Amino acid sequence: MTKNFKIEVDCANCANQVETAIKKIEGIENAVVSFMTQKMKITFAEGADTDAIMEQVKKTARRIEPDFEIL
């Protein structure tokens, strides 16, 4: 399952670091974080608990970029 999210991230480097970090979260098959479009696309593994994974995504992203927001 793939979901798209509107996000707020302050710089391209931060977006790249967030993308790299969230790709390592169990249950995520792929992730793309775009600074230019301010969007994030996540592909979840089949049967994954998307709500729990998204909580991990938020925590991970905010460790890298404290101002990171999923709108």
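1. Start with the middle: the largest nonpolar core has 19 residues, and I22, I28, M40, I42 and V57 have the most contacts inside it. (A nonpolar core is a set of buried Ala, Val, Leu, Ile, Met, Phe, Trp, Tyr and Cys residues joined through side-chain atoms within 4.5 Å; buried means under 20% relative accessible area, with a 1.4 Å probe and protein chains only.) At least two residues of this core come from each of β1 (2-8), α1 (12-22), β2 (28-34), β3 (39-44) and α2 (50-64). Helices (H or I, at least four residues) and strands (E, at least two) are DSSP runs, numbered from the N terminus.

2. A word on the source: this is a predicted model, where local features need pLDDT of at least 70, side-chain atom pairs count only at pLDDT 80 or more, and totals for chains, interfaces and linings use all residues. Residues are numbered from 1 along each chain as its sequence is written, and side-chain values use heavy atoms, leaving out hydrogens and water.

3. Now look at α1. Its buried residues are C14, A15, V18, E19 and I22.

4. Which residues does T60 contact, leaving aside neighbours within four places in sequence? They are A21, I22 and I25, where contact means heavy atoms within 4.5 Å. T60 sits in helix α2 and is buried, at 12% relative accessible area. The side chain of T60 also reaches the backbone oxygen of Q56 at 2.8 Å.

Notes: Buried < 20%, exposed > 50% of the residue type's maximum accessible area, 1.4 Å probe, protein only. Polar contact = N/O pair within 3.5 Å; in protein donor to acceptor, adjacent residues only side chain to side chain.
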